[in-house]
Amino acid sequence: MSGRGEAYTALSGCLREHFGMRVWRVAVSRHKECPNRMGGREGCIFCLPAAYEPAAALTAGSVREQLERGIARYRARGVAEGFVAYLQSGSNTYGSVEELRAVYLEALAVRGVVALSIATRPDCLPADVLSMLDELSGAYHIWVELGIQSMHERTLKALDRGHSAECSAQAIRALMGTRVQHIVAHMILGLPGETIEDMHASMREVCMLRKERGEGAFPRLGLKLHHLQVMRGTRLEAAWRAGEVEVMDLDEYARVVVEVLERVPRDVVIHRLCGEAAREYLCAPIWPGDRLAHVARIRDEFRVRGTWQGRLSVE
Ligand code: SF4
């Protein structure tokens, strides 16, 4: 650290500043299949859908019921006063505009919800859905979270993502052209065959795209960083067991994530520093301690190196 306050621009601080209260995310599910797993497609090689289902969705119920249950639980713990409804699993812009609008409005109508975050794939943003998102963003605080993972074509092909890097760039550009307040890119660090330079290049390309439109009331771009995790029963597990894929230990990952964030401009909001798959689904890496310990290790790496997000940004 160097007198710049926090080592990185954490989401929690941005939410408190924007909404004037503590805001917590409540993940819910529409229980819909991802289009990359339909029509004979096998999905991404690392995908284990059960691992992405939020805890609140494990019991049956509508989006409204899941949200009310989740909000009641967090209120009882006193962790927040406002809530982001997070449509987490699957591709939540896949479907008819009418169906999607209804589910978004259902979430936004729940008492205590101050924003809606919609997770999806870059190839699931047709013009009519973009137009509806733009319209809703005129009245509500809307985020879209995109599974980007990498901006390298060879990596996307190897992962069987089913979309190109250009498709990801187009999706971010298209969203930047709407009133959607916040666009979150999910990126995986340590993908098979990628060097640290490849990771820097992906991050640089994504960060540059936030300049496609001027400043909004809320920072326009966020990043959710994940380390490569090998889930049980996936094609990635077979490759890992065959010795074709390596994963990082926590010390190595802490070095990588800090080096990546040193080059990420300070206005980019960091939602997550590492993945957190439940142990029951995870083959590797098995890091010691829990998620808080992993975040603490990464924060410690910033401290020991005396560095911070954006220190080496060339913008
Ligand atoms: S886009 Fe997400 S849900 Fe769909 S196959 Fe890939 S990882 Fe699974």
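In the predicted model, L116 stands opposite I142 in β4. Strands (E, at least two residues) and helices (H or I, at least four residues) are DSSP runs, numbered from the N terminus. Residues are numbered from 1 along each chain as its sequence is written. Because the model is predicted, local features need pLDDT of at least 70 and side-chain atom pairs count only at pLDDT 80 or more, while totals for chains, interfaces and linings use all residues.

Strand β3 (residues 113-120) runs parallel to β4 (residues 142-149), and five bridges join the two; strands are taken to pair if DSSP finds at least two bridges between them. T120 also has a counterpart in β4, standing opposite L146. Toward β2, five bridges again join parallel strands, with L87 opposite I118 in β3. Seven of the eight residues of β3 are buried, a residue being buried if 20 or more other C-beta atoms, placed from the backbone, lie within 10 Å of its own.

The chain passes from β2 through α4 to β3 in a right-handed β-α-β crossover. Right-handed denotes a clockwise path from the first strand over the helix to the second, with the strands pointing away from the viewer. A right-handed β-α-β unit is also made by β3, helix α5 (residues 127-137) and β4.

These strands belong to an open sheet of seven, ordered β1-β2-β3-β4-β5-β6-β8 with parallel pairing. β1 (23-28) and β8 (269-272) stand at the edges with a single partner strand each, so one side of each is left without a neighbour in the sheet.

Notes:
A residue is buried if 20 or more other C-beta atoms lie within 10 Å of its own, exposed if 12 or fewer, and partly exposed in between; C-beta atoms are placed from the backbone.
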